Amino acid sequence: MNQKVFKGRVIASAIIIIGVSLIFFIRLFSLHFSPKLTVADRKKPEVRRGLIKDHNGYILAMSIRSESLFANPGEMDDRAAAARLIGPIIGVPPQWVLERISQEKKFVWLRRKLPGDAADRIRALNIRGLYFRNEYKRVYPHGDLAANVLGLVGIDNRGLEGIEFYFNGILSAKEEIRSASDIDEIVMGRNVNLTIDRFIQYTAQKELDAAALACNAKQGAVVVMDVKTGKILAMAKYPSFNPGDRSTLTGEALRNFAVIDSFEPGSTMKIISLACMLENDPSVLNKWVTCSGSIVIGDTTINCPRSHGNIGMPDIIRYSCNVGIIESMKKYSKESLYKTLDSFGFGKRTGIELPGEFDGILRPPPAWSGLSKYSISIGYEMSVTSLQLVSAFAAIANGGVYNSPSIIESIENGSGDIIQEFYPRSRGKVVSEKTARTLLQLMQGVVRDGTGARAGSRYYAVAGKTGTSQKYSRRGGSYSDRSMSSFIGIAPVSDPSLCMLIVLDDPGGSESGGEVAAPVFARIIDRVLPQMGVKGEVLKAAAPLFSRDRSRNIDVRLMPDFRGRTLEESVYILTKIQKQVSIEYAVQGTGKVQSQKPVPGTALRHNDTLVLYLGDQD
């Protein structure tokens with residue numbers, strides 16, 4: 001190559017490189033020292049986060065356009081005056097605004113996603129150095145409804161808790177671009193459709209709040225599950241929060257109790273223990289034991305609520321006899337009990353589409369002590385989540401077939417077309433259909449005239465089980481007088497539709513599940529089943545009890561025994577009671593009273609409803 005030509009090319013290249021570098025440094029210098037800063041809108045539009053809807057299509061979470069305020073302090077004339085004007089509009093102290101705009105920066109955020117007409121009010125001030133940027137703000141049309149399920153997002157619209165977190169990638173996916181009249185384009189995220197039913201969720205949440213406040217509970221939960229599909233129709237939590245209002249947010253309110261927290265289930269576990277017995281020896285139903293009010297296992301004494309005397313299995317379940325279950329469990333191995341508990345899903349996650357699910361605690365048999373088999377059979381030395389418990393009992397209601405719980409129904413694209421559907425996930429049979437049917441019948445006795453009488457419905461036959469467990473104090477190293485009160489119920493018995501668990505943590509006065517949790521079940525069932533189109537049933541009355549002293553004075557503190565009385569006698573007594581206690585009553589049938597709800601001896605409370613079932617004597 002000619003040396004002259006080569007040198008010419010080198011010089012030309014050097015001139016070009018020097019020229020480009022000079023332009024770059026001049027531009028950088030001018031930007032650095034210029035007091036004016038222009039922040040251009042993003043070339044690519046921000047993704048509008050997808051909708052979260054209930055299973056009927058009602059919107060539970062959505063994104064709306066909002067404006068955010070920022071400042072270039074170098075352009076501002078009187079910063080102190082600007083701070084005094086801006087502060088009250090954006091809801092912060094003027095001194096805070098002044099500190100922000102006193103920084104030697106070209107860009108400072110003052111308020112992201114301004115509320116209401118704040119942007120227009122600030123524009124009217126005509127202050128130099130203030131700018132706005134369009135962003136999307138996440139809003140929740142129903143306030144705190146299902147907040148523990150929905151979760152919330154951060155200021156950058158990234159999910160932090162709940163569905164917002166678990167499906168963040170789906171909700172913020174760049175699904176498609178739509179044209180709009182006010183802006184060039186909108187990039188839509190995908191929508192998530194839940195199995196939650198807005199009406200059932202609202203009813204559960206309202207009744208839970210009322211019950212928790214009435215008994216001064218620390219926290220509580222209600223989980224409603226579709227028996228045949230495993231779909232979660234409601235998952236309420238007390239206390240709750242409003243995802244759109246950070247002032248309502250506390251650590252306790254943010255925790256989704258039904259999924260994250262576990263507890264010793266107490267007497268509800270007696271049904272699972274009985275399932276183990278029935279699967280190994282159905283004749284256990286015909287066995288009788290003697291309950292003296294307590295039983296000694298090793299050096300530990302386990303008490304019963306009272307002495308039940310000679311008692312068979314139906315009454316052991318009906319009256320929740322600890323001694324009866326423990327005596328009956330003696331002939332069964334710890335391995336068989338563990339196998340049953342494991343098959344019902346205890347000690348492992350259900351796989352629901354929510355973050356932070358806990359496994360619960362179920363130790364393997366080699367880690368059990370000599371007491372463990374008996375403690376576990378009545379709901380101690382193990383812990384369960386609300387979700388695990390309701391799923392296990394839903395399997396009983398479903399003829400022994402366990403469906404894993406799900407809270408997601410489908411995923412839609414930005415146009416609303418379904419691109420993915422979710423279906424029931426079955427683990428198969430965990431107990432035989434015969435065992436499931438027997439358990440359901442015994443649980444019906446609990447509600448008809450046992451510890452769960454307050455769960456009785458006016459219109460539907462109900463099966464259920466109460467649970468009350470003492471809370472263990474790690475500081476004291478023993479069980480305290482504080483409790484977890486629960487009721488799990490199934491309705492209607494003839495063709496189960498719903499399984500529902502109510503849990504109240506530390507209700508005042510250590511009240512039992514039958515007292516504080518069971519009534520919540522009744523109130524919810526009587527509202528949501530008719531809404532679902534489930535027809536009421538003709539409830540079969542129990543055999544009347546005629547042998548008692550009718551001449552005694554009426555104790556208005558307790559529900560009288562009306563069985564065997566005529567309607568006229570019953571109304572006469574009720575009229576006397578209503579002068580001191582405001583109760584209502586309903587009557588079904590003709591003849592004499594054969595059965596009643598609540599059962600005799602139940603504590604009378606204002607606004608209670610008594611149902612009398614009348615019929616002819618056999």
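Predicted model: local features only at pLDDT ≥ 70, side-chain atom pairs only at ≥ 80, totals over all residues.
**Figure 1. The whole chain, starting from its surface.** The chain runs to 618 residues, and 50% of them count as buried.

**Figure 2. Helices H2 and H4, packed against each other.** Here's a handy way to read a view like this: two packed helices are described by the angle between their axes and the distance between those axes. For H2 (residues 79–90) and H4 (residues 118–125), the angle is about 170 degrees and the axes sit 10 Å apart. Angles over 145 degrees count as roughly antiparallel, so that's what H2 and H4 are to each other. On the H2 side, Leu85, Ile89 and Ile90 make the contact, and H4 brings Ala118, Arg121, Ile122 and Leu125. Sort these residues by class and you get six nonpolar, one charged and no polar.

Figure 3. Zoom in on strand S10 (residues 191–194) and you'll find Asn191. Is Asn191 buried or exposed? Its relative accessibility is 5%, so Asn191 counts as buried, the cut-off being under 20%. A polar atom of the Asn191 side chain lies 2.8 Å from the backbone nitrogen of Leu51. Setting aside neighbours within four places in sequence, Asn191 is in contact with Gly50 and Leu51, and also with Ser410, Ile411, Glu412 and Asn413.

Conventions
Residues numbered from 1 in each chain as written. Heavy atoms only, no water. Helix = DSSP H or I, 4+ residues; strand = E, 2+ residues; numbered from the N terminus. Buried < 20%, exposed > 50% of the residue type's maximum accessible area, 1.4 Å probe, protein only. Polar contact = N/O pair within 3.5 Å; in protein donor to acceptor, adjacent residues only side chain to side chain. Contact = heavy atoms within 4.5 Å. Axes fitted to C-alpha atoms, helices over the stretch in contact; angles between N-to-C directions. Parallel < 35°, antiparallel > 145°, perpendicular 65-115°, else oblique. Nonpolar A, V, L, I, M, F, W, Y, C, P; charged D, E, K, R; others polar.
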